[in-house]
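I opened this notebook to keep track of what I looked up, one topic at a time. The entries follow the order in which I went through the chains.

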Amino acid sequence: MTSRTTTLNPGGIASSGRGRLGDRAFRWAVAAGGITVLLILALMIGSTTLDALPVFSSQGIVDFLTGITWDPGVSRTEITGTYQAGVFMFGTLVTSLLAITLALPLSIAIALFLSDVAGPRVARPLAYLVELLAAIPSVVYGLWGLHFFAPTVLKPVAKFLSETLGFIPIFEGPVVAFNPFYAGVVLAIMILPIITAIVHEIFRAAPAAERQAAYALGATRWEVMWQVVVPRSRPGIVGATMLGLGRALGETIAIALLIGGGTTINISLFQQGESIAAKIVNTFQESAPEAIDALIALGVTLFAITIVINMAARLIVRRLGDLSGEAIS
Amino acid sequence: MTRIDSRPLAGIALAGSLLVAACGGGAAPSPATQPPGSMAHLEATLLGAGATFPDPVYQEWIGAFRTAEPGVRITYEPIGSGGGVQQFIEQTTDFGGSDAFMKDDEITAALDARACDAVLHIPTVFGAVAVAYNLAGVDGLVLDSDTLAKIFLGTITKWNDAAIQALNAGLSLPDEDIIVAHRSDGSGTTSIFTTYLDHESSDWSSQVGKGKEVSWPSGVGGQGNDGVAAAISQNDGGLGYVELSYAIENGLPVARLVNDDGNAIEPTLESTAAAADGISIPDDLRFNILDVGGDGYPIAGATWILASTCGYDTAKADALKAFIRWGLEQGDSIAEELLYAPIGDVLQQKALANVDRINEQG
């Protein structure tokens with residue numbers, strides 16, 4: 001009964017002492033949430049970097065980042081192996097870039113179709129289906145790729161590309177059983193729903209007035225999409241891309257199943273490679289303590305790569321924001 | 001439905017167990033369900049962790065042992081040999097499981113942590129590594145260590161290479177590329193395979209070496225037996241190595257390998273068990289299976305349970321001894337059903353001697 005009277009008198013909440021207490025408690029609660037994030041992050045960076053430090057110092061940062069030899073030792077107490085991340089960094093970047101290159105145009109196309117072409121009766125269930133793709137666990141994507149998609153769909157494509165465009169180094173044959181091309185394409189399918197969902201929201205947020213103004217000036221639907229909707233959404237598209245890229249950089253199991261466990265850098269997409277996350281998941285279980293530290297060093301490296309890419313993305317978004325602001329005013 | 005049905009059943013089961021308990025003193029227990037030398041029922045909870053390779057056997061052994069000793073609860077977690085050794089050293093588990101015997105510095109660390117005299121290696125079953133291939137129209141391929149090393153080094157690249165043809169006079173081998181597949185994850189299977197190549201081929205030992213993961217000079221990596229098998233079966237001309245049990249279960253064509261006595265041996269449970277017949281085994285039971293002759297298949301290895309001579313309370317020690325003893329003496333048929341080779345009588349006696357030493361220091 002009391003609560004009912006309170007709701008009937010909203011002014012009373014603000015003026016009562018209890019309301020102020022609630023305000024303060026709420027403030028502390030959310031602040032604690034924020035601080036927790038910082039604490040977890042600090043703990044994680046601190047402890048992993050600490051574990052990785054002996055590896056960085058024994059190998060040398062530059063050698064660790066640029067070398068291509070990974071020869072783990074078996075000691076419990078000291079670093080006896082050679083640990084260099086070049087092959088895995090290369091594999092991570094190649095698969096992620098391939099995935100973004102394939103997923104981004106397709107995502108924009110799907111999002112435009114959903115927001116500007118399809119009617120709501122088609123768009124709603126389709127948007128739901130795209131989001132459903134995001135709910136499939138990555139190991140399922142990996143196994144599906146391993147046993148069905150790669151051998152029946154991607155293998156003929158790869159064979160065709162290597163036979164017709166084999167003179168381009170990245171398409172050079174032979175096509176081996178598992179390779180960064182397979183991993184990258186499956187990765188593209190995995191990040192497609194994330195990018196599509198965000199870009200779709202952004203397109204929907206484009207003011208109807210601008211669209212209608214463009215139509216009133218005689219623009220075709222195509223011109224409205226490409227000259228009104230897409231340009232004003234550019235910062236959002238970049239943001240969505242970065243989110244997809246972040247997912248791609250960190251993806252583990254699907255890549256581990258499909259990339260081919262290579263031990264050297266191969267420029268060709270059709271020859272075996274290895275990514276940072278796949279290397280970690282493949283070997284941590286059977287590694288000696290010193291090699292586990294080296295795998296943690298790989299993790300720190302991946303974290304650093306993600307930060308660099310994120311900062312670059314922020315810069316780009318800010319630039320684009322400024323540009324579009326100028327264009328409008 | 002289930003709830004209603006289960007009540008009378010539970011009642012019968014309870015009555016049955018009371019009956020058994022009542023007659024326990026007089027009735028002769030059937031040898032299959034009663035661990036020898038333990039008339040008193042044991043009560044303990046045991047935790048083990050380690051190698052994934054023997055996990056199916058250990059789980060079945062645990063289940064079967066439970067019917068004999070309902071008071072003993074055993075959990076085995078297949079976290080990998082590396083983790084198994086680590087947790088055993090840190091004493092977070094009662095026993096470890098490993099496909100590789102512990103190195104000296106690992107033993108030192110384990111003994112330092114416990115102030116014990118010895119870490120006990122107890123071999124339980126043998127595994128073998130089969131070389132599977134996929135070549136249309138070719139059946140009964142024979143390989144030897146030298147050709148195998150050259151194939152994985154990438155110096156033999158074609159199926160009709162003179163070295164392969166010389167071993168397979170009766171087969172017509174195609175002028176096709178060999179698509180080599182290996183494990184991309186760290187694995188005891190890789191360790192057994194590369195230990196064999198490292199021992200047999202000087203080129204291999206100078207260029208690659210041995211271990212759970214190595215820098216493969218050629219070939220594509222698949223994750224797990226499944227990944228390697230996929231790489232082989234999806235590509236005409238594929239060749240790779242997998243666990244024998246996996247190859248048998250999935251009916252993959254496997255190569256016969258020439259052993260030290262010049263016999264081309266097909267990988268089977270019998271030839272795996274025969275592999276350890278002629279080898280000399282050190283007292284601490286840390287051994288590799290190398291230089292296999294006779295009817296033995298040359299690429300094989302043991303898996304071990306790790307325990308120590310001190311640090312258990314009596315109930316745990318008795319339960320652990322009874323369990324491992326049961327597995328070694330009565331677990332052979334379970335192991336064979338699951339496609340693991342039993343370790344044979346001679347080694348079994350040595351293993352049992354180590355079982356007796358568990359907790360001997362109290």
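**Helix H14 of chain B**

I began with H14(B), keeping in mind that this is a predicted model, and asked which residues sit on the face turned away from its buried side: I found the exposed residues B:Asp345, B:Val346 and B:Gln349 there. The helix runs over residues 345–356, and its 12 residues reach 17 Å from the first C-alpha to the last, close to the 16 Å expected at 1.5 Å a residue. Its buried residues are B:Leu347, B:Gln348, B:Ala351, B:Leu352, B:Asn354 and B:Val355. Seen down the helix axis, these buried residues fall within an arc of 155°, so they line one face of H14(B). I then looked for what covers the buried residues of H14(B), and found that the cover includes strand S4 (119–134) and helix H12 (314–330) of chain B.

**Chain B as a whole**

Stepping back, I counted 14 helices and 12 strands in the secondary structure of chain B. Of the 362 residues in chain B, 55% are buried. I also looked at contacts in chain B between residues at least 6 apart in sequence, and 75% of them join residues at least 24 apart.

**Where chain B meets chain A**

How many residues does each chain bring to the contact? I found 33 residues from chain B and 28 residues from chain A. The area buried between the two chains is about 2400 Å², with carbon and sulfur atoms giving 45% of it. On the side of chain B, the residues that lose the most area to chain A are B:Glu213, B:Gln223 and B:Gln234, which together account for 26% of what that side buries.

B:Glu213 forms a salt bridge with A:Lys279, where the closest N and O atoms are 3.0 Å apart. Between chain B and chain A, 18 residue pairs are in polar contact. Helix H3 (81–89), helix H4 (104–114), strand S7 (220–222) and helix H9 (224–233) of chain B each supply at least two residues of the side that touches chain A, and H3(B) gives the most to that side, with five residues.

**B:Gln234**

I returned to B:Gln234, which lies in the loop between H9 and strand S8 (238–243) of chain B. Is B:Gln234 buried or exposed? With a relative accessible area of 18%, it falls under the 20% limit and therefore counts as buried. Leaving aside its neighbours within four places in sequence, B:Gln234 is in contact with A:Leu146, A:His147, A:Pro151, A:Lys155 and A:Phe178. The side chain of B:Gln234 reaches the backbone oxygen of A:Leu146 at 2.8 Å.

**Backbone entries**

Before the last checks I wrote down that most residues other than glycine have a negative phi, and most peptide bonds are trans. B:Gln91, in the loop between H3 and strand S3 (95–98) of chain B, has a positive phi, near 60°, and counts as partly exposed at 39% relative accessibility. B:Asp291, in the loop between helix H11 (269–275) and strand S11 (300–308) of chain B, has a positive phi near 55°, and at 44% relative accessibility it is partly exposed. In chain A, a cis peptide bond joins A:Gly173 and A:Pro174, with omega about -5°, and A:Pro174 lies in the loop between helix H7 (138–164) and helix H8 (180–205).

How values were computed: Residues are numbered from 1 along each chain as its sequence is written. Chains are lettered from A and ligands numbered from 1 in the order in which they are written. This is a predicted model: local features need pLDDT of at least 70, side-chain atom pairs count only at pLDDT 80 or more; totals for chains, interfaces and linings use all residues. Side-chain values use heavy atoms; hydrogens and water are left out. Helices (H or I, at least four residues) and strands (E, at least two) are DSSP runs, numbered from the N terminus. The expected span of a helix is 1.5 Å times one less than its number of residues. Buried means under 20% relative accessible area, exposed over 50%, partly exposed in between (1.4 Å probe, protein chains only). The arc is that of the directions from the helix axis to the C-beta atoms. Contact means heavy atoms within 4.5 Å. Buried area is the accessible area (1.4 Å probe) that two parts lose on being put together, summed over both. A salt bridge is a side-chain nitrogen of Lys or Arg within 4 Å of a carboxyl oxygen of Asp or Glu. A polar contact is a pair of N or O atoms within 3.5 Å; within protein, one must be able to donate a hydrogen and the other to accept it, and residues adjacent in sequence count only if both atoms are side-chain atoms.
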